[in-house]
Amino acid sequence: MSRLQQCLLGFALLTLAGCTSGPSVVGGDASVGMDAPRDVQCASPQVVCGGACATLQDDPAHCGSCGNACPRTQVCVAGACRVSCPEGQLLCGNRCVSTDTDRANCGACGTACSAGQVCAMGRCALECGASLALCTAPGGDAGVDGGGERFCADTRVDRANCGACGNACAAGEVCAAGACRVSCGAGLSECSGVCRDLQTDRAHCGACGTACAAGQVCSAGTCQASCGGGTTECSGVCRDLQSDRANCGACGTACAAGQVCANGACQLSCAGTTTDCSGLCRDLQTDRANCGACGTACAAGQVCSNGACQVSCGGGTTDCSGLCRDLQTDRGHCGACGNSCAPGQLCSGGMCQVSCGAGLSECSGVCRDLQTDRANCGTCGTACTPGQVCSAGVCQVSCIAGTTECSGVCRDLQTDRANCGTCGTACAAGQVCTAGACVLSCGAGLSGCSGVCRDLQTDRGNCGMCGRGCATGEVCTAGACVLSCAAAQTACSGACRDLQTDRAHCGLCGRACAAGQVCSAGSCQVSCGAGLNNCSSVCRDLQTDRANCGACGTTCATGEVCSGGVCAPTCGGGQVFCAGACRDVQTDRAHCGACNSACAAGQLCVAGVCQVSCPPGQTNCSGVCRDVQTDRNNCGTCSTVCISGRVCTAGACVLSCPTGLTACSGTCRDLQSDRANCNACGTVCPGVQVCVSGVCQANCATGQTACGGLCVDTSYDPNNCGACGTRCVAGQVCNQARCQTVALPFPARFFPQTVAGTIGGYNDLAFDGAGNLLVGTQNGNIVSVSRVDGSQRIVASGIPGPVLSVAFHAARNTIYAVNSGGGLYAVNPTTGASSLLVTISGPCDAIAIVPAGFSTFGDFIAVVGRFAELRMVNPANGAVSNFATVNNGSDIAFTPSNTAVVVNANTVQIVTAAGAVSTLFTGSGVSFDGVAVDTVRSLYYLADSNGDRLFSLPFAGGTSTPLGSYDFDSGFFVAGMVFDGVDTLLMATGESGLTIVARSPLP
């Protein structure tokens, strides 16, 4: 066997030692083999309940407080269990939601909006409607930009965003008209922010604010001298001591859980003539709320006698033939049942009298206060409608502060256009109501003048200010009246003069021709020049002279000008005389901005400028018509550019996969070989089957076995050693289908061995999902080195410039690589197709896959380089976030305790999942270019390019230990380093190739 063959065999054995089906901690998934505890942290308004986040306002398992579960048939609303959802909400799963705004249930239960979209009026869209507010949840799921999640909220009724985003109502409150108000349960009413039982509350008996007099109690909503039949007054409330569990036998005596109150005694079941009604013992012969049967309630004013509801008159009234009568005021029963007062008499104090007392009026034989009686307001029989009160004899709506009653409706007179300042005062079209006054709502550059929008810069009737009109012959320019002379005329001393023909102003203002001379072509001459005519010794241009238009002495009328020898009208109101007619050069397509300046086909004239008029389905973007449904540079809206690798479909940027790949849930998948998406997205191969040519089957390549859906070599796989599921314990490797123990710890000296040296210029390396090595090269290739026999193959080629660092993302089955220009590329390991994910500013040196549980960036790509940040890249959309401030980084790795280690020059820094940065080690005379993590021994391995030495450093810090020299690369530094998890370091150098530093000499 040759030396090269021995090296390759040794590489295969040592590479396989401890290799798993997942990536290593450097350039791979650091969560393999980890079981580190982590604290649960919830974003407001959630709290931790039983080790998980819960929202106490709507979680039926934790309603109002942790562990308070609602009954199976109830839901949780505002922190309280209810039998149904509030009006306008729908039960989706076990929560009440508004399908108008809920992104997870938009329009219907289970209809979820895509990333970047919001739910507006039951439809997924990019922006909220006019009646909704755009809010951002704190934290969220990072979204496309790493920030909070956007959503729409109806701030008029949304409890979590009442009146404004983030303004949450307290427990027990609801949001109405943008304000938080108390929400009372069944049988209770809200009185000044407190829920009251109007049937029993002495301070609010029958209605809010109606207080019973001293010595009275409130029974069935009526103040009475004492409690009704069979009840006892307990702290101002009438209680049935025979059946009330909270007052059983005596006031304040409460029965234990699981007991009922029967005949005034707590017992396990109801006794005697009582019946269990919803956990309370009730006497169906006498109980008004359960008369004859559970739940059969007697009407107001009735009692339960022998299981039947009968009239029971309250204090001060008497039963007269089945009706309660007030013998003190009832004309038909005055003083006694059936004692009617004579016509013209009233009943007052139980006696028939002629009239009512002071302040009262007789209404159908009863004395009423017409100033306050809602049933007789102002006049007998005039009843106020629900929601109104009677004040000073007038029914009035009771409006909240800041609003006024207008024709029975509460209006805001400060902003209501139909009731501006006073009820019924409506603003005219084009006006708005501001501070109770109708004001004109004019566009930019216009001012309101007497109810009309005017341009004070050009309006002759309102020049510079409203009402300032320019004189005849003047125009308004830049807000000032100036003389407007016709073409070829000049203003001289306030008058328009033709310096070519005017004898008094010949050539110049004030230059007069001598007697007998005419002015021709601006000079005094005996006769007129070409195109001019002598009119009374003055040369006149009969084509333009208003006093000699077409012929000497032909004068144009007032308001006319001479054009082409014909008197024509002068145009007003911003119009210009063009081609024989007055034209509005602000809007006329044939005369846009100036006479005869025509707009091109497809353009309109707007404010004197030709603008593009796009056909249906297109939008004007900077003067060019664009289809924002399909244009990648104007996707959804103008200037919204889709990132590399995405196309514009239906106005949204969506993933565009290379040939042979298909977009599945935002990731490009090979449907021919992907077990989780075999032949179709979401089609998962069962059991141990693999996907071959889009078909699930158990066939693997020669020498491999299907284990857990992966084809593995059971001769060397430590997780399937000799047979599927046979795992080698820590400290063992799988060699020829047998688990073998390796010696620990490392010896004092290492023996370098170069393998795969035929390809020079290696930069970085990482393990792929099958334990093979992925190596980035100087010429832009990614090379795979087989863990079985050391054979090499090019996985991807053509990435611009040197590949500086590589990492394998197991969950996405994707290779990520960064080049010297900062370009981060995603590579399909099956097809080799690569696409640019994002370009990162500043030179990048190293990347690694962020393990699950690291802050909110699990699944992201960590990047360090010659910039002072640890950056996180979202592999779904390429969004870049700065996570922590660190020194310029040469290499990065992750530990089992969810920390990141960053090396640079002579420092080793630790970054926690919370973003805290600390310096673990600072050396002297060293320059660290590579780092690897040994989870077996809790060590960091550090490559020092300054002295070509290898060091170890404990996770806890302290003193570094030199392990030996690796001076095998002729002075070239180590560009990348990984640890196989057992006993072998693999190092890539700039020139010599891939090198193994092992615990003992290689075979």
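**Entry 1: strands**

In which sense do β68 and strand β69 pair, and over how many bridges? I looked this up to get started: β68 and strand β69 (residues 792–796) pair in the antiparallel sense, over four bridges. I keep the rule beside it: two strands pair if DSSP finds at least two bridges between them. Strands here are DSSP runs of E with at least two residues, helices are runs of H or I with at least four residues, and the numbering starts from the N terminus.

Before going on, I note that this is a predicted model, in which local features need pLDDT of at least 70 and side-chain atom pairs count only at pLDDT 80 or more, while totals for chains, interfaces and linings use all residues. Residues are numbered from 1 along each chain as its sequence is written, and side-chain values use heavy atoms, with hydrogens and water left out.

Back to β68. I find strand β67 (residues 773–777) joined to β68 by four bridges, and these two run antiparallel. I then checked who faces whom: V785 of β68 has L773 opposite, and V785 also stands opposite Q792 in β69. The hairpin of β67 and β68 has four residues between the strands, and there G780 takes a positive phi near 90 degrees.

Which way do the residues of β68 point? I see I782 and S784 on one side of strand β68 (residues 782–785), with V783 and V785 pointing the other way. All of these are buried, where buried means under 20% relative accessible area, exposed means over 50%, and partly exposed is in between (1.4 Å probe, protein chains only).

**Entry 2: disulfides**

How many disulfides does the structure hold? I find 49 disulfides, a disulfide being a pair of cysteine sulfur atoms within 2.5 Å. I picked a few to look at.

I started with C320 and C337, whose sulfur atoms are 2.0 Å apart in a disulfide. The torsion about their S-S bond is about -75 degrees, so I note this disulfide as left-handed. C320 sits in strand β25 (residues 318–320) and C337 in the loop between β26 (323–325) and β27 (346–348), so the pair ties together parts that are 17 residues apart in sequence. Is C320 buried or exposed? I read a relative accessible area of 4%, so C320 is buried. For C337 I have 42% relative accessibility, which counts as partly exposed.

Next I looked at C384, which a disulfide joins to C395, S to S 2.0 Å. This link is left-handed too, with -85 degrees about the S-S bond. The pair links distant parts of the chain, 11 residues apart: C384 is in the loop between β30 (366–368) and β31 (388–391), and C395 is in strand β32 (residues 394–397). C384 counts as buried at 10% relative accessibility, whereas C395 counts as partly exposed at 23%.

C556 is buried at 5% relative accessibility, and C567 is partly exposed at 26%.

**Entry 3: aromatic rings**

How many aromatic pairs does a search of the whole structure find? I get eight. Rings of Phe, Tyr and Trp (its six-membered ring) pair if their centres lie within 6.5 Å; planes under 30 degrees apart count as stacked, over 60 as edge-to-face and the rest as tilted.

I looked at F857 and F883: their ring centres are 5.5 Å apart and their planes at 75 degrees, so the pair is edge-to-face. F857 lies in the loop between β74 (844–849) and β75 (861–865), and F883 in strand β77 (residues 880–884), so parts 26 residues apart in sequence are tied together. I have F857 as buried at 10% relative accessibility and F883 as buried at 16%.

Another edge-to-face pair is F928 and F951, with 6.4 Å centre to centre and 75 degrees between the planes. F928 is in strand β82 (residues 928–934) and F951 in strand β84 (residues 949–954), so this pair ties together parts 23 residues apart in sequence. Both F928 and F951 are buried.

I also find one aromatic cluster formed by F854, F857, F860, F883 and F894.
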